[in-house]
Amino acid sequence: MQNFVKKAALAALFATTATAALAQEVTLRFQHFVSPLSANPTHFMQPWADKIEADSNGRIKVELYPAMQLGGKAPSQYDLIRDGAIDGGWVIPGYQPGRFPEAEAMELPFMVTKSGEEASKAAWVFTQKYLMDDFRDVHLIAAHMHGRGLVHKKGPAVASVEDFNGLKLRGPSRTATLLLEKLGATPVGMAVPAFPEALAKGIVDGGVITWEMSPSLKLDELTDSHTDVAGDKSLYNLYFIWAMNKAKYDSLPDDLKAVIDANSGFFASAWAGRAHDTGDVTGKEIMMAAGNEIATLSEAETDRIRDLGADVIAEWIADMNAKGLDGDALVRDARATVEVTRAQ
C-alpha cells in the first residue's frame, strides 16, 4: 500500500511537471520612448499586448515600458532589441541616418497619404520587398507610419515658403531635415523626447510632428500655431517598426510563436497606423481648445513646397544610386505601393 501511494504521488508530480511545461509562461519586456498616454501606446501597443495575453490564454505577458525606462536612448532601440537588452520595442530607423537607407523612400516628401493606416499598409508591403534583409537581426512584427505631419511653431502660422526662412525647426529624420533645409529653415535633428525642452529653452522655434503627439509634448503650451499642407498627401512622414529580439522569438514553443505571428504583419501594421489616426483627432481637438492657430497652406504655396520636395527626391535618388541602390526603383515602388494598398 505504501509503495502504491509513493508511485501515485510520483505520477502526480510528473503530470504536474508536464502540465507546467505545456503551459509555459513567458514575460516579454517591450520598450518605447514616448508617454504611455500618447496614441500608439494607447491605441496599439497596449491593446496588442492585451491581445497577445488573451490569445495565448495567459501564457504570454507583454510588459510595456514607456519613456525608455529600461535604459538607453531612443536612437539605440534597434540595437537594444537586437542585443537582447530588451525583448522588443518600437524603433524609428531614421534615428540612425544612413543605416537603413531604403526605409527613407517611404518618408520622402508627399510620398504617403495623410492617413496613418493607409500609409502603414504601404509600409508593410514595401518592407517585405526591400527591408527584410536589413532587419534580419530582429524579428519584425509590424512596419508602420504615423498620420499627417505638420509644422508646429511659436508665433503665427507659416503662410508661405518665405515664412520658413531662418526658422530653427526640429526634424525627426534625414529626409525631413532635407526638406526643411530646402524651405529655407535651419533644421535641427532630434528624437521626440528632446523636443519639448528644446522648445522651452528656445533652441528651436518649432518643428514637424503629428497632431497625436502634440498633447503629450505640451505643444498646446509651448507653441502657438499648427500648419498643414493642402491636398491628401502628407508633408513628410516617419517610418517605424515594432520588433522583437530574434533569439527570444526563436525560444518560444511553436504554439506561442503562432500567437505572435497571428498578431503581426499587414494586420498589425495597419492597426498601428490606425492608432495614430485616432490620436490625431484628439490631438487636434486639444490644440484647438487651447486657442492655438490652426492653418492650412494654400494650394499655390503647397505646390511650391511640392516642387521643393521633388528636388529633395531627385537628390535622394542620386544619393541612393551612388550607394549602389536603385533609387528610381525605390521611389517608383514606394509610390505604387501607396496607391495599391489604399483600397485594401
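**Helix 10**

I started with helix 10, which has 24 residues and spans 35 Å from its first C-alpha to its last, close to the 34 Å expected at 1.5 Å a residue. That expected span is 1.5 Å times one less than the number of residues. My helices (H or I, at least four residues) and strands (E, at least two) are DSSP runs, numbered from the N terminus. Just after helix 10, I found Gly291 with a positive phi of about 85°.

**What I am working with**

This is a predicted model: local features need pLDDT of at least 70, side-chain atom pairs count only at pLDDT 80 or more, and totals for chains, interfaces and linings use all residues. Residues are numbered from 1 along each chain as its sequence is written, and side-chain values use heavy atoms, with hydrogens and water left out.

**The whole protein**

I noted twelve helices and eleven strands. The C-alpha atoms fill a box of roughly 95 × 45 × 35 Å along the principal axes. Of the 344 residues, 53% count as buried; buried means under 20% relative accessible area, exposed over 50%, and partly exposed in between (1.4 Å probe, protein chains only). I also looked at contacts, meaning heavy atoms within 4.5 Å. Among contacts with a separation of 6 or more, 78% come from residues 24 or more positions apart.

**Helix 2 against helix 10**

At what angle do helix 2 and helix 10 pack? I got about 145°, with the axes 7 Å apart, for helix 2 (residues 39–55) and helix 10 (residues 266–289). The axes are lines fitted to C-alpha atoms over the stretch in contact, and angles run from 0 to 180 degrees between N-to-C directions. On the helix 2 side, the contact is made by Ala39, Asn40, His43, Phe44, Pro47, Trp48 and Lys51. Helix 10 brings Ala268, Trp271, Ala272, Ala275, His276, Thr278 and Gly279. I sorted this contact by class into eight nonpolar, five polar and one charged residues. For that sorting, Ala, Val, Leu, Ile, Met, Phe, Trp, Tyr, Cys and Pro count as nonpolar, Asp, Glu, Lys and Arg as charged, and the others, Gly among them, as polar.

**Aromatic pairs**

Rings of Phe, Tyr and Trp (its six-membered ring) pair if their centres lie within 6.5 Å; planes under 30 degrees apart are stacked, over 60 edge-to-face, and the rest tilted. By this rule I have 14 aromatic pairs. Why is the pair of Phe33 and Trp90 stacked? Their ring centres are 5.0 Å apart and their planes are at 10°, so the pair counts as stacked. Phe33 is in the loop between strand 1 (26–31) and helix 2, while Trp90 is in strand 3 (residues 88–91), 57 residues apart. Phe33 and Trp90 are buried.

Next I checked Phe44 and Trp242, an edge-to-face pair at 5.9 Å centre to centre with 70° between the planes. Phe44 is in helix 2 and Trp242 in strand 10 (residues 239–245), 198 residues apart. Phe44 is buried at 1% relative accessibility, and Trp242 is buried at 0%. Ring pairs also link Phe30, Phe44, Trp48, Trp242, Phe267 and Trp271 into a cluster.

**Positive phi**

Most residues other than glycine have a negative phi. Asn57 is not a glycine, yet has a positive phi of about 55°. I found Asn57 in the loop between helix 2 and strand 2 (60–65), exposed at 71% relative accessible area. Ala67 also has a positive phi, near 50°. Ala67 lies in the loop between strand 2 and helix 3 (77–82) and is partly exposed at 49%.
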